[in-house]
Amino acid sequence: MDKSITLPPDEIFRNLENAKRFAIDIGGSLTKLAYYSTVQHKVAKVRSFDHSAKETEGDPLYEISVQEEITARLHFIKFENAYIETCLDFIKDHLVNTETKVIKATGGGAYKFKDLIEKKLKLKVDKEDEMTCLIKGCNFVLKNIPHEAFVYAKHADSEFRFQNTHPDIFPYLLINIGSGVSIVKVEAEDKFERIGGSSIGGGTFWGLGALLTKTKRFDELLQLASKGQHTNVDMLVKDIYGGAYGSLGLTGDLIASSFGKSATTDKEFSKEDMAKSLLHMISNDIGQLACLYAKLHNLTRVYFGGFFIRGHPVTMHTITYSINFFTKGEVQALFLRHEGYLGAIGAFLKGAEEDNPNQYSWGENYAGSSGLMSVSPELNPVQRARSGTFDMLEMDRLERQLVNLPLLQDPTSYIPDTVELTEDALARVYWLYCFEEALDGVVKRAIASQKDQPEAVERAEKFRQKYRHKLQTLRHQPFAYGSLTVRSLLDTREHCLNEFNFPDPYSKIKQKENDMALKYYLKVVKSVEELSWEQRQFTLVKGLLAGNVFDWGAKAVSDVLESDPEFGFEQAKQQLQERPWLVDAYNQWIERLKGPPHKCALFFVDNSGIDIILGVFPFIRELLIRGTEVVLASNSGPALNDVTNSELQILTERIAAMDPVIHTALKEDRLALVQNGSSSPCLDLSRLDKVLATVVRERGTDLVIIEGMGRAIHTNYYAMLSCESLKLAVIKNSWLAERLGGKIFSVVFKYEVPSKAQG
Amino acid sequence: MELNGFHCDGEGCAEEQEEEPKALRLPRSKTDASCSIIATPGADSAAAGGSALREQRMSKSTPAMLRLDSLKKNRPPFPWFGMDIGGTLVKLVYFEPKDITAEEEQEEVESLKSIRRYLTSHTAYGKTGIRDVHLELSDLTLWGRKGNLHFIRFPTHELPAFLQMGRDKHFSSLHTTLCATGGGAFKYEDDFRTMANLQLLKLDELDCLIKGVLYIYSVVSSGPPECYYFEHPTDPERCEQKAYNLENPYPLLLVNIGSGVSILAVYSKDNYKRVTGTSLGGGTFLGLCCLLTGCSTFEEALAMATEGESTHVDKLVRDIYGGDYERFGLPGWAVASSFGNMICKEKRDSVSKEDLARATLVTITNNIGSITRMCALNENIERVVFVGNFLRVNTLSMKLLAYALDYWSKGQLKALFLRHEGYFGAVGALLELPNPS
């Protein structure tokens with residue numbers, strides 16, 4: 001056992017001091033450790049000044065304070081069994097929490113290492129059934145990690161095609177390929193059954209492969225197989241028929257008899273060829289059985305896991321091929337990003353049942369997770385020999401439980417993101433470049449937000465390195481964190497900022513902008529009121545669009561705002577594209593407004609300052625006057641200069657104090673403020689705050705308005721809703737504008753009415 | 001006679017007037033005819049012309065004569081062969097007429113006589129050709145002729161030698177149709193033509209297989225039963241072979257284990273579908289045994305397997321769980337991972353070749369059993385007939401299949417076996433002899 005390694009503690013066993021509820025899954029070669037911990041991190045809070053105190057001109061609108069907050073986080077670490085002793089020593093030395101008395105254990109090696117664990121950690125090892133843990137873990141990742149499952153396509157532009165998270169994950173088939181194969185049908189959280197299996201599995205590949213090739217290690221065997229030609233060893237249909245067996249539709253290249261040539265020829269076969277033939281034989285056999293079971297039980301979702309699969313491109317490819325062949329494409333082989341962690345997650349969940357982890361929503365912390373590592377060995381030879389590396393997965397417990405927006409037309413087919421960057425190389429290159437370019441500015445902004453703290457410079461530098469490293473990883477492995485989208489790039493940046501205690505770099509800017517915009521509010525409202533109905537509607541929409549120009553997330557705008565703070569609302573209006581807009585459904589919208597008022601409008605708001613105060617409020621004010629109830633949905637946590645729910649509470653109060661329309665609406669509960677459950681500049685309508693969903697349902701919402709590039713262009717551009725919707729944004733990025741066929745500051749005004757049939 | 005829906009044409013019909021045995025059918029192509037004359041100078045070169053004349057005469061016949069002629073016409077000229085050229089073995093069935101009259105014998109061409117004598121007086125041909133004497137069906141009536149059906153096999157890689165022999169014995173001068181099935185009928189068609197001047201009538205192997213099964217079952221009436229099963233398959237003490245009545249066989253799952261495996265669902269004599277197949281078949285067993293043990297024949301591999309112990313090689317459920325894995329109803333003796341013990345160097349060093357051969361046999365056989373069982377469930381068929389040369393002298397596998405099907409289906413599925421296990425394709429091909437096209 002290698003005890004010589006020293007562990008970089010900050011990097012690997014993070015938050016160990018508060019750790020509790022340990023679980024361990026020891027497999028044939030890898031150990032997976034899980035624990036629950038609490039993380040203390042800084043959050044920005046806003047608080048309204050006492051009304052009595054706030055009357056002097058020049059005082060800020062509200063108070064910003066940074067507070068410590070404690071949140072729950074799950075840590076999962078994967079390392080080679082060789083380091084188990086070193087790791088146990090490390091944990092013992094750093095463990096402060098003494099409540100912990102037991103460690104849940106699963107996996108074949110749990111028995112072997114039982115004594116060592118008990119001796120080192122002084123914890124009682126409590127064994128849990130392997131299959132139960134596996135299924136529990138599988139359910140957890142499928143529910144909580146968007147894009148957990150993927151389809152593998154070796155020769156496609158993107159090897160990994162991530163699947164939507166289905167709101168209902170059951171029923172599914174899990175094919176676990178360990179030394180043998182287990183086929184498990186999972187029907188509900190606690191309802192699963194082993195419906196079959198096979199003795200021809202990973203152990204057969206390994207054992208038979210070792211005998212045939214004198215190669216001892218599993219990884220080496222796979223390596224051999226990836227270089228071999230199975231056609232030298234296998235008897236193909238064409239070896240028997242001379243060509244295809246046409247009447248049955250069997251092509252000539254099909255394997256008629258595995259190892260059939262070694263039965264009839266006396267020559268020597270190469271190790272590579274035999275390993276490849278063996279790999280095909282076993283993968284095909286497993287694929288065939290999987291299909292027969294899927295057919296018998298009428299299941300189409302089939303996930304593969306176990307050490308035979310575990311991120312190995314070679315086996316994922318052969319299994320995918322086999323499933324495709326035997327089901328004629330009707331069933332797709334699905335793999336899981338965190339497949340290696342399932343047992344540990346399940347064992348952990350077993351031990352944490354009293355914490356009720358299943359009643360919360362969880363989100364992957366991109367800053368602390370390693371992402372999917374394995375790629376084709378040809379692409380990245382280093383990774384196959386990554387001995388000594390530690391893989392990590394961190395899941396944050398979300399404050400709020402997340403659910404679907406009830407107004408999604410088809411939740412199962414909803415994809416939030418407009419462009420999948422793993423599949424669009426051009427866009428990927430651009431956006432990765434764009435985020436890298438913007439990094440300096442973000443670092444500067446972060447430092448500026450904490451001028452009073454000298455060590456902020458150092459933290460900001462750490463942030464820069466972390467995020468740049470993530471960008472570099474993504475450049476080489478675009479699928480490392482599931483889907484790669486503008487949203488995931490933005491979210492990863494937010495996670496990294498949080499990681500280094502920059503909870504809200506824009507807090508002061510937002511405060512300043514809000515303060516400034518409030519001064520103009522009444523003037524804007526008044527000037528609108530003087531217009532004719534038709535003119536008023538157009539001015540309100542233009543105001544909404546002009547407000548949306550004020551977005552610190554967009555590089556073009558942040559450049560202007562940095563250099564010319566006087567850039568005003570009126571100027572913004574002039575920057576806007578003249579009608580007809582890039583996407584222009586304004587006439588249909590006006591026609592609709594001439595009809596009866598909507599019952600309730602749900603408005604997903606975007607930026608602070610001019611956008612929310614001078615754009616959104618006058619617009620919804622008109623809706624309220626028309627008799628439409630309004631629900632303003634804003635972010636739960638900070639992201640860029642987006643207005644957060646707590647900021648919006650204060651702003652609304654201030655506006656209500658000036659404007660009787662808003663005041664009355666608030667009092668009569670015709671204007672409601674809710675949080676959306678997210679801290680992202682984008683919007684995933686399948687993961688929204690449960691309270692929001694309830695409000696939407698109770699109020700009979702019949703209009704959804706989504707504003708801004710992040711929420712209406714990068715995400716939800718193609719989202720289909722079951723009620724009327726308005727998606728509007730100003731394209732503040734030349735590249736994107738060009739891609740959509742327009743210029744910078746082009747306007748998208750998309751008004752959609754679902755077809756009657758879907759009513 | 002109709003049995004199992006198989007109508008045995010012409011069988012049992014009173015034979016009035018035997019045609020001249022040398023009367024040959026029209027050559028199937030001009031090339032064929034001309035070549036045969038050139039290639040076989042010693043043969044009766046008038047035969048082709050004579051046959052043509054006869055055709056002419058027949059076309060002017062009276063209705064009564066036509067009926068008679070039609071029977072005669074349907075009856076193909078000798079020799080009667082059916083051939084199945086598989087990936088590993090060529091299976092040949094030969095009908096030896098035993099009712100040849102003295103007159104016939106006199107007129108019989110030398111090459112025909114020579115072929116008959118060669119095949120019937122030997123039980124082995126060359127180093128690798130074998131006649132399975134125990135399978136021979138005597139006193140069979142086929143298309144009005146009485147005779148014996150012989151079953152011969154040789155490795156597919158010896159096909160060139162066979163063609164050479166055909167050439168030496170002037171087979172092509174007989175202008176007979178050679179009905180052949182199996183992949184080799186397609187792959188070697190050119191070789192048959194160029195090397196032996198023979199034209200093949202190529203037939204689909206699954207059609208032939210089913211025809212052959214139904215025919216053989218219908219004509220075997222005495223001697224050992226054609227179809228049998230193992231009674232008490234799960235109890236080695238009481239397990240014994242028992243005859244099975246297959247008179248109403250449908251629906252039937254037919255599993256043909258040759259080099260690879262095909263699984264057919266048969267609903268009637270001409271309604272069937274190939275459900276699936278697997279490349280883990282007899283070829284895999286032999287191929288892996290050759291690589292693992294250095295043996296070179298199926299017989300050697302089987303002999304070793306008989307002596308070996310697979311549990312040294314395989315990892316059993318009890319090796320992992322110490323006993324049964326009760327939560328999932330897995331008995332301790334079940335194999336959890338085939339060859340699973342071989343990931344460990346010490347165990348690799350301690351196993352014998354016999355153990356490896358046995359493990360290979362068990363792995364392949366159980367896998368076929370498992371896929372078969374799933375197909376039977378998916379197709380809702382309870383009767384499974386296993387055929388193919390993998391089962392030849394392979395009681396080990398048959399008992400394993402019987403056991404596995406019975407155990408995992410809780411007695412729902414029955415594994416049936418046929419004595420002429422590997423020859424049905426060839427028989428089916430022979431039966432197509434009167435139907436040129």
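Modeller: The account below begins with the contact between the chains and then turns to features within each chain.

This is a predicted model, in which local features need pLDDT of at least 70 and side-chain atom pairs count only at pLDDT 80 or more, while totals for chains, interfaces and linings use all residues. Residues are numbered from 1 along each chain as its sequence is written, chains are lettered from A and ligands numbered from 1 in the order in which they are written, and side-chain values use heavy atoms, with hydrogens and water left out.

The contact (heavy atoms within 4.5 Å) takes 50 residues from chain A and 54 residues from chain B. The area buried between the two chains is about 4200 Å², and carbon and sulfur atoms give 64% of that area. Buried area here is the accessible area (1.4 Å probe) that two parts lose on being put together, summed over both.

Between chain A and chain B there are 20 residue pairs in polar contact, both residues being at pLDDT 80 or more. A polar contact is a pair of N or O atoms within 3.5 Å; within protein, one must be able to donate a hydrogen and the other to accept it, and residues adjacent in sequence count only if both atoms are side-chain atoms. The elements of chain A that each supply at least two residues to the side touching chain B are α3 (130-144), β10 (191-198), α4 (202-213), α6 (237-241), β12 (255-257), α7 (260-264) and α8 (271-296). Helices (H or I, at least four residues) and strands (E, at least two) are DSSP runs, numbered from the N terminus. On this side of chain A, α8(A) gives the most, with 9 residues. By class, the side of chain A that touches chain B has 26 nonpolar, 16 polar and 8 charged residues. In this scheme Ala, Val, Leu, Ile, Met, Phe, Trp, Tyr, Cys and Pro count as nonpolar, Asp, Glu, Lys and Arg as charged, and the others, Gly among them, as polar.

The count of salt bridges between chain A and chain B is 2, a salt bridge being a side-chain nitrogen of Lys or Arg within 4 Å of a carboxyl oxygen of Asp or Glu. A:Lys295 and B:Glu379 form a salt bridge through their side chains (3.8 Å, N to O). Over all chains, the count comes to 62 salt bridges. Within chain A, the side chains of A:Lys120 and A:Asp89 meet at 3.0 Å, N to O. This pair links distant parts of the chain, 31 residues apart, with A:Lys120 in helix α2 (residues 114-121) and A:Asp89 in helix α1 (residues 84-94).

Most residues other than glycine have a negative phi, and most peptide bonds are trans. The peptide bond from A:Phe170 to A:Pro171 is cis, with omega near -10°, and A:Pro171 lies in the loop between β7 (160-162) and β8 (172-177) of chain A. In chain B, the bond from B:Tyr250 to B:Pro251 is cis, with omega near -10°.
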